[in-house]
Structures are given as structure tokens and as C-alpha cells.
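My notebook for today is open, and I'm jotting down what I look up as I go. Here is the thing I'm looking at.

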Amino acid sequence: MNSRRMVGAGIAALTAATLLLTGCSGTDGSSDEAGATTGTLDFYTDKAAWEPDFDELNAASEEQAEITLNTTGYSDAAQYDAFIKQSFRTQKSPGLFTWHTGDSLKQLVDEGLVAETTDLWTKAIDEGWATEGLRAEYTIDDKQYCVPMNIAYWVMYYNKNIFEEHGIEKPTTWEELDAAAGTLKDAGITPYYQTSTLFTFQWFQQLVAGTDPELYKGLSTGEVKYTDPEIVEIMDIWLDQHEKGWFSDAGSTVDPAVGLKQGDFAMINFGSFFNGSLDGAGMVSGEDYDMFVIPAVNADLGTTPVAVESGPLCVAENSKQKDLGLAYSEWWMSADAQTAWNAARGDVAFNPKATVNDPMLADLGTTVADGEHELFTRYFEATPTPILTVALEQFGAFNANPGDPMPFLEAIQAEADKYWADQE
Amino acid sequence: MSRFLRTATLVALGIVWLLPVYLLIINASKSPTTFTSTEAWIPTDFSLFANIADAMQLSGLSDSVVSTLAYAIVSPIIAVVVGAAAGFAIVALRLKRGFLWFVVIFGGTVFPLQMVLLPLFDAYSRVGLYDTHAGMIIVYTAISIPFSAFVMRNFFTGVAHNVFEASVLDGATTWRIFTRIYLPMASSALVAIFILQATFIWNDLLLGLTLSQSDNVRPIVTTLSGMQSTYGGAQMSTVLAAAVLVSLPTVVLFLFTQKFFSRGLALGQY
Amino acid sequence: MAVLQTPERERTVGGLPEAAHRPPRRKTPYQAAARGFIAPGVLMVAVLLYLPLLWTTFLSFTEYNGLGDPEWVGLDNYVEMFDDPSFVGSLLNTLLWVAGTLLIPVGVGLALALLTWNLPGGIWLRLPFLIPYAISGIGVGVIWSFILSANGALDQALAMIGIADPPRWLVDAPLNTVVMIIAASWQGVGVNALLFTIGLQSIPKEPLEAARVDGATGVRLFGSILWPMLRPLTAVVVGLSIVASLKTFDIVLSMTKGGPGRASETLALTMYRETFVNSDYGLGSAIAVFLSVVTLVASVLYLRQQLSQKHEM
């Protein structure tokens with residue numbers, strides 16, 4: 001056999017093997033015709049763990065809107081973002097995908113990549129399906145983009161058994177919270193959870209917004225510097241609490257839900273989606289654990305600030321499935337859809353008319369809407385990405401080796417200076 | 001060293017090596033609702049099968065098994081043969097500038113895989129390979145070739161060149177020499193490459209995540225990885241149970257291929 | 001790509017019967033056939049792995065956030081990369097990984113191969129070291145985090161033998177990098193042992209017997225016969241270890257995410273951080289290109305030296 005036949009044989013073998021397998025390839029009857037508003041909608045999400053819940057919801061969406069989702073989950077959020085951005089350039093531009101509010105959404109909108117949803121929002125507000133406050137999170141230059149997939153309030157979860165054992169009531173003021181932490185520490189129990197990677201921002205967010213919401217806002221617009229004396233003062237409160245030993249070991253990699261269950265710490269500041277993890281770890285809602293809205297550091301604020309996070313469902317402007325995606329989005333906003341979604345996946349509902357099954361989460365929804373609470377955007381969405389990356393790292397380093405806050409703040413401010421200079 | 005000492009050393013080291021595996025299995029067997037991290041070394045209960053069932057249900061693992069098996073078998077086989085052919089060309093046929101060509105193939109490994117993904121996704125979706133079995137086989141094959149070529153090239157350098165020359169004098173064609181003499185002679189190396197690459201592909205996450213979307217095309221670990229998430233998802237013992245389940249086929253593969261490495265290959269006879 | 005062209009400047013017959021009658025001492029009588037044998041490998045690697053590399057190299061000279069069009073900025077990204085003090089830390093961590101990986105998995109792998117060689121039951125004794133490689137990466141990350149966590153499995157074991165105040169394994173640098181190297185070694189040793197075993201098996205019996213007759217055992221046998229004859233497979237193991245350790249990513253991402261702060265970041269993680277977390281594709285690509293060039297140069301220097309000593313190509 002000569003060399004050419006050799007190459008030929010190699011290629012033939014490759015082709016044969018691949019053709020064999022292409023025969024049973026993954027084409028799955030998705031509705032590709034432009035303009036269709038019923039059928040199977042391809043849906044991409046970085047919340048891969050929710051895939052079974054979306055599948056469960058298909059029964060309701062099939063019945064009420066004649067659309068079923070074909071869900072593809074991604075596990076690495078950062079790579080998911082890159083994948084979605086890349087997909088806008090291809091035939092695979094997504095009909096429905098999850099994204100983030102804030103800076104990330106604005107980037108897509110600026111490039112004209114996301115379908116407008118102003119009409120959907122107008123209808124939703126008219127029907128009482130969503131609040132004005134939430135609409136603001138989805139508004140860029142007076143137009144709306146995407147619809148809310150989920151909403152979470154950042155509150156304090158606590159181990160009820162530990163609180164009862166030490167006669168601690170739900171704190172309603174900052175002083176009571178401090179007193180509770182002191183009591184716990186004296187009894188040999190670490191009051192608060194902390195970590196050195198990723199979720200390192202919440203206590204900073206809570207301390208700043210709870211001291212002065214304007215200061216918090218200033219950080220996200222660049223008007224306030226991380227090295228300003230007000231911020232340093234707040235960091236000193238945090239450092240003081242570190243020195244009192246109020247935070248759990250930064251080197252622990254134990255699942256926070258398990259940590260709360262086994263009493264590694266008594267309280268954890270987390271988003272209201274945390275109920276799912278706690279239930280999964282075998283704790284009973286309202287019996288083993290409960291939650292409270294964290295009181296403001298500054299008692300004179302009038303309203304108590306509560307961090308809110310909302311993840312959007314978006315439709316790509318140039319997707320073949322744009323109309324189908326928008327039809328699903330419209331259904332998604334409705335009270336029926338949100339009640340069905342809440343049955344599939346227990347969470348707080350953005351739609352006030354939806355039925356929430358877990359009484360604790362239903363209460364939380366009512367509490368934050370009572371006029372005495374003020375929602376503010378979570379640090380994760382409020383902060384431009386490059387600054388956020390550095391801030392998460394620096395807060396993590398601070399948690400691991402608490403000390404003079406200045407070097408940490410300077411590192412964050414250096415990145416912020418660079419970022420805001422680029423925006424000029 | 002005496003036989004006894006060698007055996008004793010290996011047994012002692014082997015036990016140390018198996019300790020994390022022990023931890024993996026006993027913790028995968030704990031019920032998520034009673035799980036604590038404070039009794040790491042002590043088995044508390046046996047819920048392994050319940051955890052595995054949970055994992056299968058959560059991740060839809062079963063859809064992925066057949067296609068992942070196909071990738072993990074077909075791609076390494078092609079890669080082993082292609083790599084051996086390259087090694088044969090360089091060593092036995094003394095390809096001109098062989099080292100340079102070898103570096104060209106080997107150079108395929110120096111680039112961080114993460115950066116290959118986005119251009120590949122773009123290209124795949126343009127030529128219609130995205131989310132197809134063929135596309136996955138091709139990419140897994142390409143990824144496996146450099147390693148395969150490297151091992152085979154170096155393995156063949158251990159073979160005296162007069163083996164080749166003698167065969168030529170017998171009137172054999174290069175193809176025949178390759179398939180009848182060099183490949184059989186290299187069976188332990190071929191099997192080693194095969195199992196290592198099959199394991200790599202079976203456990204691949206990155207390529208599967210980027211280049212496929214359908215449940216019946218996505219590799220198994222890709223579906224598994226989604227289970228773990230801050231936003232709710234599986235508990236640690238469920239994830240570990242899933243890892244145990246997914247690892248079983250590769251462990252079995254290693255078990256059954258060990259005999260290939262048991263006998264010394266009497267290369268001296270050539 | 002230029003490398004793909006295989007110029008047909010020799011005779012096109014290329015068939016073997018003719019070639020076979022040529023004097024065997026002629027150096028390169030089978031070039032056409034040789035090109036045929038190497039072509040499938042070169043083609044697949046070039047199309048699937050080199051084309052994306054070209055794109056990334058292009059991006060490294062641009063400002064690009066994944067949307068819109070890349071904007072040419074020349075060498076800006078490279079300047080920014082070398083200006084960043086964290087880049088140096090990341091480079092040092094990566095070098096620590098290279099050194100550690102050459103020391104532990106390669107050394108222990110060789111020791112295991114030698115210990116099990118010609119030992120009755122050797123294959124079963126080698127198995128415990130191969131099982132970690134068979135375990136899915138997700139399981140490995142989870143279980144080692146569990147072991148090295150504060151009050152984790154290791155700390156609990158240490159407490160049993162009376163060590164109450166263990167080091168903060170995953171928090172303090174460079175300890176965290178060291179323990180992650182050990183975790184990675186736990187997984188990788190078996191593969192190296194397997195490759196060395198193949199090398200030992202390909203050693204011809206005659207010289208070995210001859211040496212034994214001469215009374216060579218232990219260290220002398222190893223030094224005079226085994227080590228030189230193992231060279232081809234040692235080159236494989238060391239070459240692959242250099243490449244793999246320079247690209248260390250998965251285990252660090254799953255265990256410390258490069259933290260706390262950026263204390264345990266490797267170059268591959270820095271690349272990931274810039275490209276995927278910060279959407280700074282240009283800077284991320286520049287790091288990728290730098291990393292690739294270092295990897296290529298290191299491995300080619302090593303391999304050229306290793307491969308040219310005994311077997312002339």
C-alpha cells in the first residue's frame with residue numbers, strides 16, 4: 001500500500017466511524033421556524049441544578065402556553081457567560097437564557113443583543129404581577145429588557161435550636177444583634193459564617209448599606225472611594241468583630257448548610273434561595289432554622305435596607321426563536337406560571353399574586369414590601385465586574401488574615417480608579 | 001531489595017493511597033439529611049444506593065451513558081492508531097525533520113484547553129458539528145493524538161532498527177510492517193494509552209460543556225457537574241455518590257487491563 | 001497553515017517493493033510513506049488545536065470583551081500583563097507546581113514502577129495507585145477539600161494523635177499550593193508508574209541478564225542499565241509532567257479558586273480570571289500565549305536534549 005492509499009485509508013476510517021455516529025445525532029425537534037410562538041424552546045442556564053425543576057414546569061407551560069423548555073445547564077458561571085456571548089455570533093443564538101442584572105445586562109443591551117420586553121412589563125405592572133421597584137432593575141434608558149427568573153433577599157439565617165438553647169430572640173436592632181453574637185461567643189459558639197472565596201462580600205454590603213445607603217450607592221457609581229474615611233470606619237467595625245472571634249474559620253470548606261446544621265456557627269447571611277440547601281441538608285424550615293431581616297447598623301435610617309438579587313431570563317434579539325422566547329417570557333410573568341414555578345422550586349416569588357408554599361418565604365415577601373424596608377441591589381450586581389473581582393478576592397484575603405483594612409481597600413480602589421478612568 | 005521488603009513497602013504505601021478512596025466511599029454512603037463533617041472517618045449509615053438514585057434522578061445521568069461510552073471507546077482507538085502511525089513514520093521510516101514534525105504534533109498539548117473552547121464552539125456551530133456525536137468524537141480524537149504520538153514515538157525508539165530492516169528484506173510493505181510487527185509489539189503501550197485516554201474522555205468536563213447541549217450527546221460528567229451549585233442542588237454525599245458511580249466503569253477498565261502489563265514483553269526476540 | 005504542506009519533491013512512486021531493494025544504509029528511503037503515516041495526526045491536531053490558537057494569538061493584540069469587534073491595541077496587553085504584580089505571584093506558584101510535580105509524581109511513579117517490576121502480584125499492588133486516576137475529577141476536588149478543610153478529615157485524624165493546632169492547609173500560602181500539589185500527585189502517580197512500567201518492559205532481556213551475571217544489582221543495575229534504557233519513557237513522563245504542571249488549573253479552581261486573595265493562583269487561573277470572569281479576552285489571551293510559549297520552549301528544550309542523546313533522528 002502506498003502512502004496516498006495510506007492517508008486515504010486513514011481518512012476513510014475516520015469518516016466511517018464518525019458517519020456511523022452522526023446517524024444517531026442529537027437533533028431534537030426544536031421549533032426553528034422564525035415567528036413560531038408555540039413549540040419547543042431551547043433554554044440555556046448557568047443554574048444547572050434547577051434543570052429538574054424547569055422540566056417539572058413543562059407540564060404547566062405546555063398546558064397554558066403550548067411551549068416546553070429544552071433546558072441545557074452549565075456548571076461554571078464564568079464560562080457560561082463567555083459561551084452565551086459567543087453564541088450571539090452563531091446560528092445558536094439562544095431563544096431563552098439566564099443572565100445577570102446590572103453591568104452585565106447593560107453590556108448586552110448596548111450591543112443590541114437582547115430583545116426588548118417593555119410591552120411585557122407594562123402588562124405585568126397593569127396586572128399587578130410585578131412591582132415598580134423590580135422593573136427598575138430591568139430598565140436601561142427607559143426601556144425594559146428580560147424578565148425576572150428569580151428574586152432573592154439577603155437575610156440572616158439562624159439555627160433555631162442554638163438560639164433557643166441560649167435564650168436568644170430574633171434581634172430587631174443592631175445592638176440586639178451584637179448582644180446575641182456576644183452571648184453566643186461567650187457560650188463557645190461561633191456567631192457568624194464566613195468564607196474566603198466567592199461569597200465574601202455580604203457582610204461588607206450589609207455594613208455599608210446599613211450605615212448609609214447613599215454611601216453604598218456611591219461606591220457603585222465611583223463617587224465614593226473605598227479608601228474614604230467612612231468606609232475605613234466601617235471596615236474597622238468588621239475588623240473588631242473578627243478580633244472578637246465572631247466569624248467561622250475561613251479555611252473551612254464544609255457546605256454552609258451542613259455547617260449551620262451541625263452548629264459550626266449560629267448565623268449565616270445568605271440569599272433566600274438558601275432554604276433549598278437547608279431543607280436538602282435535613283433541616284426543617286421554621287423548626288430547625290429560621291431567618292430575620294438584618295437590622296440596620298444606623299438606627300436612624302427610617303427604613304431597613306435589604307439586599308435584593310434578581311436573575312433575569314432573556315431572549316436574544318437575533319435568535320430564530322425570538323418570538324417563542326418572548327411568548328414564554330410573557331407566560332412566565334403571570335401569576336399562574338409563578339405559582340406553578342413555586343410549586344416546582346420553593347423560593348420567594350417576584351410576582352405578588354403568586355402563591356408561595358413555604359410560609360417562611362411567604363412572610364419574607366410580605367415583610368420586605370411593608371414600607372418599612374428598602375430594597376437595594378446586591379453588591380454582586382451593583383459593582384462593575386473588574387472591581388467586583390478584585391473586591392471579592394480582597395475581602396476573602398481579609399477574612400483569611402484580618403488586619404489593618406487599608407491595604408485591602410487600597411487594592412480595590414486601585415482597580416476602581418483604573419475602571420472609572422476607562423469609562424471617561 | 002528483597003521481595004518481602006518491596007511487597008511490604010508497596011502494601012503500606014497502597015494503604016495510604018486508598019485512604020482518600022475510603023473517605024470518598026463512606027461519605028458517599030451517608031444520608032444527606034443526617035450528614036455531618038465532624039465524623040469524617042466513621043461510617044454512620046449506608047445510603048449509598050439511595051444517594052446514587054438521587055444523583056441519577058437529579059442529573060439525568062442515564063441519557064449520557066451510551067454516547068459517553070462511544071466517545072471513550074472510539075476516540076482513543078482512532079487516536080492510538082493515528083499516534084502510532086506518526087511514531088512509526090518518525091522512528092521506523094525516519095521521516096526527514098522528524099523531530100520538527102513530532103514537535104508540531106506534541107505542540108497540540110501546550111495550549112491551555114480553556115482557550116481552545118470558544119473558537120471551537122464558533123467553528124463547530126458554523127460547520128454543523130455542534131451538538132453532534134461526530135463532532136465530539138473528532139475533538140476527543142484530536143485531543144488524544146499528541147499524547148498517543150508521544151508515547152508511541154518514544155516506545156518505538158526502544159525497538160532496534162534492524163527489526164524494520166529485516167522485515168523489509170523479507171519483502172513486507174510499510175503498511176504490513178506497521179500493522180503486523182510494530183503494532184502487535186507495542187500492545188502494552190497501546191493499551192496503556194487507550195485506558196488513559198478513555199479515562200480522560202470519560203471524565204471530561206470542558207469540551208462536553210462547550211460543544212454539546214442535548215442530553216443524548218452530552219458526556220456524562222458534564223451532566224453530573226451541574227448538580228453542585230450554590231443556588232441549591234445536590235448535597236455533598238449525593239455528589240460523592242454520583243462520583244463513585246461514574247468512576248466505576250473506569251476502575252473496572254483498569255482492573256481488566258492490568259494483565260497487559262503483567263508480563264515483560266520480550267522485545268529482545270526481535 | 002504552512003506546516004501542513006508536504007512538498008512532493010521526491011519521487012512520487014513511494015511504493016515499497018522498489019524502496020525495499022535500496023541499500024538499507026541509505027538514510028531516508030521511505031519519505032513518501034512516512035508522510036502518509038504522519039499526515040492524519042498532523043492534520044487533526046492542526047485543524048482542531050492550532051486554528052483556535054491562531055485566533056487566540058490574534059485576540060492577544062486586541063481589546064475585546066466578547067461582544068462587538070476586537071479592537072487592535074498592539075502590545076498593550078503584554079505590557080499590562082508584565083506590569084501586574086499578581087502576575088509574578090502567579091508565575092512563582094506555577095513554577096512551584098512544576099518543581100513539585102517533577103519531584104513527587106515523577107519520583108514516586110518511578111519508585112513504584114521499579115518496586116512492582118517482576119514482583120509476583122505486582123500488578124495488584126500497583127492498582128491502589130491507579131484507582132485515583134480513574135476517579136472523576138469532581139469527586140477528587142470534593143474529597144480533597146473535605147480532607148484539607150479546617151476541622152476536616154485530616155485535622156480530625158491529627159487531633160486523634162494529639163495535634164490540636166494544625167496548620168491552615170488551604171489558607172496560608174505557599175502551604176496551600178504544596179498541599180494541592182500533594183492532592184494532584186495522589187491522582188497522577190499511578191499514570192507515571194504505568195508509563196515507567198511500559199518502559200521497563202521494553203528493555204531487552206540480554207543486556208539485563210549480562211549485567212546480572214556480572215553481579216550488578218540494586219543501585220548499580222539501575223544506574224548502569226535500567227536508567228539509560230528507561231530514557232525514552234522518562235522523557236514521556238517528564239515531558240508530560242512539565243506540560244501538565246504549567247497548565248495546572250482544575251484542582252486549584254475546585255479547592256481554593258486561587259485564593260485567599262490571589263495567593264494560590266496559577267497562570268492558567270490568571271488566564272481564566274481575566275478571560276472568563278472579567279471578560280478581558282485580550283489580556284486573558286496574552287497570558288494564554290505567554291503560557292503556551294513557555295510550555296513549548298521548556299518542553300522542546302528538554303525533549304531535544306533527552307531525545308537526541310541516544311537515538312539520532
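Predicted model: local features only at pLDDT ≥ 70, side-chain atom pairs only at ≥ 80, totals over all residues.

**Entry 1**

I started in chain A, where β6(A) and strand β7 (residues 267-271) pair in the antiparallel sense over 5 bridges. Two strands count as paired if DSSP finds at least two bridges between them. My strands (E, at least two residues) and helices (H or I, at least four) are DSSP runs, numbered from the N terminus.

Residues are numbered from 1 along each chain as its sequence is written, while chains are lettered from A and ligands numbered from 1 in the order in which they are written.

Which residue of β7(A) is the bridge partner of Tyr157(A)? I found Ile268(A). Tyr157(A) also has a bridge partner in β8(A), namely Met291(A). Strand β8 (residues 289-292) of chain A runs antiparallel to β6(A), joined by 4 bridges.

Next I looked up strand β9 (residues 304-314) of chain A, which pairs with β6(A) in the antiparallel sense over 7 bridges. There, Asn150(A) has Gly311(A) as its bridge partner.

**Entry 1: a helix in chain C**

I moved to helix α7 (residues 153-160) of chain C, where Ala153(C), Leu154(C) and Asp155(C) are buried. Their cover includes α6 of chain C and also α1 (3-28) of chain B. After α7(C) comes Gly162(C), with a positive phi near 95°.

**Entry 2: what chain C touches**

For contacts, I use C-beta atoms, placed from the backbone, that lie within 7 Å. How many residues of chain C are in contact with chain B? I get 83, against 90 residues of chain B. The largest share of that side of chain C, 17 residues, comes from α2(C). By class, it has 59 nonpolar (Ala, Val, Leu, Ile, Met, Phe, Trp, Tyr, Cys, Pro), 5 charged (Asp, Glu, Lys, Arg) and 19 polar residues (the others, Gly among them).

The contact between chains C and A takes 33 residues from each. Here α2(C) again gives the largest share of the chain C side, with 7 residues. That side divides into 14 nonpolar, 14 polar and 5 charged.

Definitions and conventions:
Contact = placed C-beta atoms within 7 Å. Buried ≥ 20, exposed ≤ 12 C-beta atoms within 10 Å, placed from the backbone.
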